[in-house]
Amino acid sequence: MKFEKNYGGIEGLVVITPDVFEDERGFFKETFNESKFKEEGINITWLQDNESKSSKGVFRGLHWQKEPYPQDKLVRVTKGAVIDVAVDIRKDSPTYMKYVLVELTADNHKMFLLPAGFAHGFVALEDDTHFVYKVGGSTYNKESERSMTWNDPDINIDWNLQEYGIDQPLVSQKDAQAPKLKDIP
């Protein structure tokens, strides 16, 4: 496994590329190994696994859970492709309100580790995209859940969706009504 720490210059973000063994039968890869993660200083106890299926253009996010129920996430795509984003929402961080985009695909096998303190979201680039994530820190807590708008002008995420043939992402009603980060208490 290859661990790219402080990805995009933001402390805590890690892109992980597993070793993939391919032959005429398909492939094999290890997506989690506790001892390898600990060797890299990643000591997260994983509590929950989630999976979503999305059509091309579907946007999910930007979500997080506030204290006392913050969540760490390890995300990957098992079918299809996404543009995944992490926004630093740690107010004391030198990279507060900065973001990183990562293309995660079934073919590139990359995984993205987002510790607590980041808003997270993605847009599906293909129909029938399957997105899987491990959650640590806390399980889902509705009262702690927070969302911010995908197109917050103060953060100005350059999604570059036209490159993928997406004019406007399909956003849930809940996410469409999410406020800007500066308006969230």
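In which loop is the place of W150? W150 sits in the loop between β13 (145–147) and β14 (170–171), and this residue is picked up again below, once the overall picture is in place.

The model is a predicted one, in which local features need pLDDT of at least 70 and side-chain atom pairs count only at pLDDT 80 or more, while totals for chains, interfaces and linings use all residues. Residues are numbered from 1 along each chain as its sequence is written, and side-chain values use heavy atoms, with hydrogens and water left out.

To start with the whole chain, its secondary structure comes to 2 helices and 14 strands. Both kinds of element are DSSP runs numbered from the N terminus, helices being H or I over at least four residues and strands being E over at least two. The C-alpha trace spans about 50 × 40 × 30 Å along its principal axes. The radius of gyration is 16 Å, which agrees with the value near 16 Å that a compact globule of 185 residues would have; this radius is taken over C-alpha atoms, and the globule rule is 2.2 Å times the number of residues to the power 0.38.

Buried residues make up 46% of the 185 in the chain. Here buried means under 20% relative accessible area, exposed means over 50%, and partly exposed is in between, with a 1.4 Å probe and protein chains only. The accessible surface comes to about 9,900 Å², and 45% of it belongs to carbon and sulfur atoms; areas come from the Shrake-Rupley method with a 1.4 Å probe, and for residues only the protein chains shown count as cover. As for contacts (heavy atoms within 4.5 Å), residues 24 or more positions apart account for 80% of those with a separation of 6 or more. Charges come to 23 positive and 31 negative side chains, and the centres of the two sets lie 4 Å apart. In that count Lys and Arg are positive and Asp and Glu negative, with His and the chain ends not counted; each charge is placed at NZ of Lys, CZ of Arg, CG of Asp or CD of Glu.

Now for the inside. In soluble globular proteins, nonpolar side chains tend to be buried together. A nonpolar core is taken as a set of buried Ala, Val, Leu, Ile, Met, Phe, Trp, Tyr and Cys residues joined through side-chain atoms within 4.5 Å. The largest such core has 20 residues, and L62, V87, V123, M148 and W159 touch the most other members. Strands β6 (58–65), β8 (81–88) and β11 (118–124) each supply at least two residues of this core, with β8 giving the most, 4 residues. Apart from it lies another core of 15 residues, among them V77, V82, L104 and F122.

V123 has quite a list of partners: not counting residues up to four places away in sequence, V123 touches G57, V58, F59, A81, V82, I83, W159, L161, I166 and P169. Back to W150, which counts as buried because its relative accessibility is 15%. Beyond its neighbours within four places in sequence, W150 is in contact with F59, L62, I157, W159, Q168, P169 and V171.

L62, which lies in strand β6, is joined to G61 by a cis peptide bond with omega about -5°. Another cis bond joins E67 and P68, with omega about 10°, and P68 lies in the loop between β6 and β7 (72–79). Positive phi turns up in residues other than glycine too: phi is near 50° for N6 and near 65° for H109. N6 is in the loop between β1 (2–5) and β2 (14–17) and is partly exposed at 41% relative accessibility. H109, in the loop between β9 (99–105) and β10 (111–114), is buried at 7%.

V20 is partly exposed, at 25% relative accessible area. V20 and N108 are 88 residues apart in sequence and 9.6 Å apart in space, C-alpha to C-alpha.
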